[in-house]
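Thanks, everyone, for making the time. Please take a moment with the sequence and the structure on the screen, and then I will walk through a few places in turn.

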Amino acid sequence: MESGSKVYRFSARKLQRIREKARKFSPLNVREGWQKSPISPMEIVKLFSKLRVKEGFELVAYIFRSDIGGNGVVWAVPEGCFPDVDECERLDDTLGTPKPHCAISPFSVVEMDGSPESYLQKSIFVRELLEFGAYWHGLSWTLHEIIDSKPPDLEWHEDVEDLSPKVVRGEKVKVEFFTLSEFLGRAVYKHEDVYEGEMFESDVSVVASGEGGYVL
């Protein structure tokens, strides 16, 4: 830790409760292919008390469904701009993701209030938004649980004592938290986000693993 840095610790259980509420806004009963989301991702923003969307913008989403799962995409647009899928340009990716002509990255319009908790909230919010509308084989982050204590029967590859979600303020702001996932094997992951202003670079590493797990 940098000299002069200050550490702020937070509740893993509180973050999990926010995530559980966010899951209720995941649209499930929709037709195949791309379509406008019947649920607004602005509902997710409301769950994070330290974040807000810049005035004049709103977040909109499109979701995709197939017989093996689904995905989604969220865009920031000027308020009132939410065109149908056939009015959007398409990204050059596997699914032909729709993008309104008026759209920009949602993360460029979501602001923090500057408090230590707001950095942690944005780190979790970004991950929730990247998985908005995902379903079955489209899931990844949703299969993780934020933890603050060591699960049993795991081999630790790194000496970790404090698993609590934390924000470290020094020359830069760093967010650190740990998750447990049992998808394709039980493992604990360390997530580290280093902020430059409102944006961050992220690193994820496996710090413990063990037998068991499941597949979708």
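Predicted model: local features only at pLDDT ≥ 70, side-chain atom pairs only at ≥ 80, totals over all residues.

Let me begin with glutamine 16, which has a relative accessible area of 13% and therefore counts as buried, since the cut-off for that word is under 20%. Glutamine 16 sits in helix α1, which covers residues 12-23, and if we set aside its neighbours within four places in sequence, its contacts are His144, Glu145 and Ile146.

Now let me step back to the whole chain. The protein has three helices and 15 strands, and its C-alpha atoms fill a box of roughly 50 × 40 × 30 Å along the principal axes. What radius of gyration does the protein have, and how does that sit with a compact globule? For 216 residues a compact globule would come out near 17 Å, and the protein has 18 Å, which agrees. Of those 216 residues, 47% count as buried. If we take the contacts with a separation of 6 or more, 62% of them are accounted for by residues 24 or more positions apart. The accessible surface comes to about 11300 Å², and carbon and sulfur atoms hold 49% of it. As for charge, there are 27 positive and 37 negative side chains, and the centres of these two sets lie 6 Å apart.

Next, the cysteines. As a reminder, a disulfide is a covalent bond between the sulfur atoms of two cysteines. The count here is one disulfide, and it joins cysteine 81 to cysteine 102, with the sulfur atoms 2.0 Å apart. This pair links distant parts of the chain, because cysteine 81 is in the loop between β5 (69-78) and β6 (89-90), while cysteine 102 is in the loop between β7 (98-99) and β8 (110-112), 21 residues apart. Is this disulfide left-handed or right-handed? The torsion about its S-S bond is about -85°, so the disulfide is left-handed. Both partners are partly exposed, cysteine 81 at 21% relative accessible area and cysteine 102 at 25%. Cysteine 88, by contrast, is in no disulfide, and the nearest cysteine sulfur, that of cysteine 102, is 8.0 Å away. With a relative accessible area of 10%, cysteine 88 is buried.

Let me turn to another buried residue, serine 118, whose relative accessible area is 0%. Serine 118 belongs to helix α3, residues 116-130. Which residues does serine 118 contact, leaving aside its neighbours within four places in sequence? They are Lys50, Leu51, Met112 and Asp113. Serine 49 is 69 residues away from serine 118 in sequence, yet their C-alpha atoms are 8.1 Å apart in space.

Finally, a word about backbone angles. Most residues other than glycine have a negative phi. Tryptophan 136, although it is not a glycine, has a positive phi of about 55°; this residue lies in strand β9, residues 135-136, and is partly exposed at 36%. Leucine 184 also has a positive phi, near 60°, and is found in the loop between β13 (173-181) and β14 (186-196). With a relative accessible area of 64%, leucine 184 counts as exposed.

That is the end of my tour, and I am happy to take questions.

How values were computed. Residues numbered from 1 in each chain as written. Heavy atoms only, no water. Helix = DSSP H or I, 4+ residues; strand = E, 2+ residues; numbered from the N terminus. Rg over C-alpha atoms; globule rule 2.2 N^0.38 Å. Buried < 20%, exposed > 50% of the residue type's maximum accessible area, 1.4 Å probe, protein only. Contact = heavy atoms within 4.5 Å. Areas by Shrake-Rupley, 256 points an atom, 1.4 Å probe, with all protein chains shown as cover. Lys, Arg positive; Asp, Glu negative; His and termini not counted. Charge placed at Lys NZ, Arg CZ, Asp CG, Glu CD. Disulfide = S-S within 2.5 Å.
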